[in-house]
Amino acid sequence: MDQERFVLRWVMWQVCMLVGGLWALNWRQRLTPGVARLLAALPLLALNAAIPAALFPNDLMTNISAFLSCTVTNFKLLSWAMDRGSLVTPPLTALQFLAVYAWPITPAEYAVAEQGKHTRGRGRLGEARTVQTYFRHAVKKAAGVAVVAHILARFSLPHVPRVILQGLSQYLALSLSMDLLAACVGAGTGLAVAPHFDNPYLSTSLADFWNCRWNLTVSNVLRSCRLVRRPGHAAAFSRKRRVVGLLLVFAVSGLVHEAMFWSFAGRFSPHLKWLTFFVLFGALLVAEGALKKAFKRSKLRVPTVVARILTVAIVNAMLATFWWPPVDQLGIPQAATQNFVDAWTSVQSGAAAAMRSWHA
């Protein structure tokens, strides 16, 4: 009965997203960007904000997934009201528009499938991967998730290795789900989907980690929501304005994550540690930018291997200090690991049953 109730609520979630996408699609050509579109988006913003708590109040993992997905959709709607973002560029068919609205994906701005070439732009919006590539990556990451979940479930690890593996499991699980989603959307709609992750453990700096490798859909959506934009050939913004903009983006991200914590825990993270996590990362990025300029003036260069080790060490230190303690208090890593173990057990049981049926 619980499983049937879960499936029913999941279907209701997707129906809500479909209805919302059809509503926005209906007004896409009828309303001019600005206040008119924003007013049309208001009911959808309220609906999406209510979905996680209304449909999944007692299902921790699904509540988190629904909150993240619905929040990304709401930021896409805000961008759409300003005639920018992934619901506007590139031009989308009706089916593609519904897919981009409903799910946390970003279309590649240049709909050219991967031909052995990679562009290293901010947000990776100029890069698309084939359906086969996404599926191949998903298979590899599924194997990685199975191994990491087995280690976390079977062994009692010291704090540092456990934190590192928890971070790796979070990346693998999120990236696996996004690769599968991109493969399905690409196969079903022909949409060229920009990558959601790109080997964050190979980051050579914190800027590289956040701009080019980690959770790119969210960073691209937040970037498209900027209220002030530089016209085509105008002079670049001053350093002070860029710094303020960067700090604001990370502060908004921290507030969104605190809202997510409230959604599944009924309170903010202890001592606002999640907000602190993002605010400090913004400050670290500003400091890193200044340090890079100083190194450039002095003609100093950090070896790539050293830069990667330092970046991964800083990210894991921040995770261990601010991200994982509130999560551990709620038992989320244990619940996620158990979900992986249960899923793997189900796959093994299904495969064994299929083999018995085959030999019978």
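Read along the sequence, the protein follows the pattern α-α-α-α-α-α-α-α-α-α-α-α. It contains twelve helices and zero strands, where helices (H or I, at least four residues) and strands (E, at least two) are DSSP runs numbered from the N terminus. The structure is a predicted model, in which local features need pLDDT of at least 70 and side-chain atom pairs count only at pLDDT 80 or more, while totals for chains, interfaces and linings use all residues. Residues are numbered from 1 along each chain as its sequence is written, and side-chain values use heavy atoms, with hydrogens and water left out.

Consider the protein as a whole. Of its 360 residues, 41% count as buried; buried means under 20% relative accessible area, exposed over 50%, and partly exposed in between (1.4 Å probe, protein chains only). The protein exposes about 19,400 Å², of which carbon and sulfur atoms supply 67%. Such accessible areas come from the Shrake-Rupley method with a 1.4 Å probe, and for residues only the protein chains shown count as cover. A contact means heavy atoms within 4.5 Å. Among contacts between residues at least 6 apart in sequence, 71% join residues at least 24 apart.

The interior comes next. In soluble globular proteins, nonpolar side chains tend to be buried together. A nonpolar core is a set of buried Ala, Val, Leu, Ile, Met, Phe, Trp, Tyr and Cys residues joined through side-chain atoms within 4.5 Å. The largest such core has 63 residues, and Trp13, Leu77, Trp210, Phe277, Phe281 and Trp323 touch the most other members. Helix 6 (residues 159–189) gives this core its largest share, ten residues. Leaving aside residues up to four places away in sequence, Trp323 touches Gln170, His257, Trp274, Phe277, Phe278 and Met318.

Val15 is found in helix 1 (residues 2–28) and, at 43% relative accessibility, counts as partly exposed.

Charged residues form links of another kind. A salt bridge is a side-chain nitrogen of Lys or Arg within 4 Å of a carboxyl oxygen of Asp or Glu, and by this rule the count comes to six. One of them joins Asp83 and Arg37 (3.5 Å, N to O). Asp83 lies in the loop between helix 3 (60–81) and helix 4 (94–102) and Arg37 in helix 2 (residues 35–55), so the pair ties together parts that are 46 residues apart in sequence. Asp83 is partly exposed, at 39%, whereas Arg37 is buried, at 6%.

The side chains of Lys141 and Asp179 also meet in a salt bridge (2.6 Å, N to O). Because Lys141 lies in helix 5 (residues 131–154) and Asp179 in helix 6, this pair ties together parts that are 38 residues apart in sequence. Both Lys141 and Asp179 are buried. Arg162 forms a salt bridge with Asp328, their closest N and O atoms being 3.5 Å apart. Arg162 lies in helix 6 and Asp328 in helix 11 (residues 304–329), so parts 166 residues apart in sequence are tied together.
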